[in-house]
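Good morning, and thank you for joining this meeting. Please take a moment to look over the sequence and the model before I turn to the charged side chains.

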Amino acid sequence: MGGVDTSKWKPRRAQGTVINNTRNKFAWAVLAIGTASFAVYYSIISYIGGSDLKQRMRKDFLEQTEEEIDRRNLMRFSLLAPRKGDTIRKLLEDQETNRTEK
């Protein structure tokens, strides 16, 4: 008896095999295509939208309204456990009524 022929066994790891190289190339291709399509899409949108679109995006994402600042401060400076949305709404309404009374 000659024993078991180990030359036909499959490798236990993918490292160093053809499928590993193919998988890596596919992953790099997906990343490259995704990055390129993202860049093209947003460059076309900014080109079509122009400065008006840029101003709207800055207003929506960069500028915070007074209500948003108050809400964040309520959550940031509360020493208790995080409050529920209803409680925060009630506190904001109370603050607003106090402002209108003054």
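Let me begin with a definition: helices (H or I, at least four residues) and strands (E, at least two) are DSSP runs, numbered from the N terminus. What is shown is a predicted model, in which local features need pLDDT of at least 70 and side-chain atom pairs count only at pLDDT 80 or more, while totals for chains, interfaces and linings use all residues. Residues are numbered from 1 along each chain as its sequence is written, and side-chain values use heavy atoms, with hydrogens and water left out.

Glutamate 96 is found in helix α3. With a relative accessibility of 53%, glutamate 96 counts as exposed; here, buried means under 20% relative accessible area, exposed over 50%, and partly exposed in between, with a 1.4 Å probe and protein chains only.

I turn now to the salt bridges. The term denotes a side-chain nitrogen of Lys or Arg within 4 Å of a carboxyl oxygen of Asp or Glu. In general, side chains of opposite charge can pair when their charged atoms come close. How many salt bridges does a search of the whole structure find? The search finds 3.

One of them joins arginine 99 to glutamate 66, at 3.2 Å from N to O. Arginine 99 belongs to helix α3 (residues 85-101) and glutamate 66 to helix α2 (residues 66-76), so this pair ties together parts that are 33 residues apart in sequence. Arginine 99 is partly exposed at 46% relative accessibility, whereas glutamate 66, at 51%, is exposed.

In helix α3, aspartate 86 and arginine 89 are 3 residues apart, or about one helical turn. Their side chains form a salt bridge with an N to O distance of 2.9 Å. Aspartate 86 is exposed, its relative accessible area being 59%.

Finally, consider asparagine 20, in helix α1 (residues 18-61). Is asparagine 20 buried or exposed? At 12% relative accessibility, asparagine 20 counts as buried. Leaving aside neighbours within four places in sequence, asparagine 20 is in contact (heavy atoms within 4.5 Å) with Ala14 and Gln15.
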